[in-house]
Amino acid sequence: MDARDDIYEYSLDTHHSEEAGQKMRKKFYFVLALLSVVTIIEVAMGMIWSRDESMKEILKYSFIILTLFKAGYITMVFMHLGDEKKSFQTVVLAPYFILIGYLIFICLSEALYVGEFRPAVENYFGL
Amino acid sequence: MSGHVSQTAASTHSDHTADPWGGGTSPYKISYGKMMMWFFLVSDAFTFSGLLTAYGFMRHKYEDIWPTAGDVFTHFPMYDGHIELAYVAFMTFVLIASSVTMVLAVEAGHRMKKKSVQFWMVLTIVGGAIFVGSQAWEWYHFIHGTEHGAYLLEDGVTVMRHKIDPHTHVLEKDVFLVPVNREGSLTEFSGFREVSGNEAAVMKSKATHIKGATLKHNEYGIPLFADFFFFITGFHGFHVFSGVCINFIIFLMVVEGKFERTGHYEMVEKVGLYWHFVDLVWVFVFTFFYLL
């Protein structure tokens with residue numbers, strides 16, 4: 001196949017040797033073990049403390065942190081985003097975090113407000 | 001993966017111009033298909049985030065009467081008792097494992113090992129199928145509900161549940177829990193109140209007996225819980241299902257030897273990105289639906 005000069009082909013850039021592959025496979029198995037352990041820890045925490053009111057807040061934030069930890073490993077290692085150029089990582093992640101960060105902030109703070117006055121509002125309208 | 005740039009590929013574009021934005025080269029050093037897959041995934045991530053944020057909104061609004069997932073998802077195949085969340089944990093493990101087999105298929109593709117790619121792709125497809133099947137099983141139990149059911153009160157919205165001890169799972173006879181959301185309190189969440197005796201009998205006589213969950217009513221409490229559950233896990237399950245289908249198509253292309261002829265297995269990498277994304281979404285659904 002002749003190379004076309006109007007298309008720039010990067011598909012071959014990711015080819016690698018046997019040794020490099022071995023190193024990568026090791027990393028994948030390590031991440032699998034790590035993610036499984038984190039999931040087991042999460043479920044165990046839920047089983048032990050989910051009905052304990054005093055642990056509620058701690059549990060909530062530790063679940064969110066552990067989830068972001070898992071998500072980071074999936075995107076950076078499994079999806080190879082960590083191997084892409086920094087500028088591309090920014091293109092993918094920055095719009096997401098800016099827009100969704102705002103959405104989460106505005107929706108959850110509104111929800112708490114609406115929830116706080118829900119009984120009074122429903123009472124007023126006779127719902 | 002840097003440091004293994006193919007000599008032929010590198011020489012065709014890297015010395016074109018010194019300025020990465022000056023044309024003649026991709027500033028991101030990434031192929032068109034892969035970049036577009038990333039952009040699609042970002043847009044899909046927006047959709048899922050929107051759904052999960054909407055769920056978060058309603059959950060915070062009805063914080064005091066939202067059902068505990070640990071009370072709802074207690075089934076485990078071939079076991080009669082209650083094990084909270086064990087089956088979902090298993091499903092999560094299956095999906096993460098299938099993500100690993102996918103990434104191993106991609107890695108084998110980078111070494112042009114056709115046999116290896118085939119092997120790992122088959123395992124990925126099997127893992128995905130197990131996950132979709134498990135989800136169907138989970139829906140079945142959620143739709144059918146518990147043996148004793150619950151009572152939908154006159155207003156057609158409020159659900160009166162049996163009082164069940166969360167630790168022993170023993171049902172207290174003729175004692176019920178009703179959400180208190182009409183007392184006009186401004187600052188205090190009101191939660192549930194216990195109803196028993198004559199009062200319960202009167203309420204029960206005017207109520208409809210319901211079992212399980214649909215989009216309209218939900219044995220486990222507020223119907224919104226069921227609505228969001230069906231919609232979000234359904235949307236995710238549909239992604240897994242289409243992922244399995246696309247994986248199967250790419251697998252046939254691998255077997256047929258298409259990518260040996262093209263000279264690279266980038267197609268496997270692209271479907272891999274989609275597959276990992278499905279796993280990524282599940283990690284969030286698992287946390288917000290089942291754990292919290």
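Axes here are lines fitted to C-alpha atoms, taken over the stretch in contact for helices, and angles between N-to-C directions run from 0 to 180 degrees. Keep in mind that this is a predicted model.

**Exercise 1.** Work out how α2(B) and α7(B) are oriented to each other.

*Solution.* Start with the geometry: helix α2 (residues 32-61) of chain B packs on helix α7 (residues 223-256) of chain B at about 165 degrees, and their axes are 10 Å apart. Next, the cut-off: angles over 145 degrees count as roughly antiparallel. So α2(B) and α7(B) are roughly antiparallel. As for handedness, their crossing is left-handed.

Now for who touches whom. α2(B) brings residues including Phe48(B), Leu51(B), Leu52(B) and Tyr55(B), while among those from α7(B) are Phe228(B), Phe231(B), Ile232(B) and Phe235(B). Sorted by class, this contact has 11 nonpolar, three polar and one charged residues.

**Exercise 2.** Check the end-to-end span of helix α5 (residues 114-144) of chain B against what 1.5 Å a residue predicts.

*Solution.* Take the 31 residues of α5(B); at 1.5 Å a residue they should span 45 Å. Then look at the end C-alpha atoms, which are 45 Å apart, so the two agree.

**Exercise 3.** Find where the salt bridge between Arg111(B) and Glu18(A) sits.

*Solution.* First, the pair itself: the side chains of Arg111(B) and Glu18(A) meet at 3.2 Å, N to O. Arg111(B) lies in the loop between α4 (86-110) and α5 of chain B, and Glu18(A) in helix α1 (residues 18-49) of chain A, which makes this a pair that crosses between chains. Over all chains, the structure holds 14 salt bridges.

Terms used:
Residues numbered from 1 in each chain as written. Chains lettered and ligands numbered in written order. Predicted model: local features only at pLDDT ≥ 70, side-chain atom pairs only at ≥ 80, totals over all residues. Heavy atoms only, no water. Helix = DSSP H or I, 4+ residues; strand = E, 2+ residues; numbered from the N terminus. Parallel < 35°, antiparallel > 145°, perpendicular 65-115°, else oblique. Left-handed = near helix turned anticlockwise from the far one by under 90°. Contact = heavy atoms within 4.5 Å. Nonpolar A, V, L, I, M, F, W, Y, C, P; charged D, E, K, R; others polar. Expected span 1.5 Å × (residues − 1). Salt bridge = Lys/Arg side-chain N within 4 Å of Asp/Glu carboxyl O.
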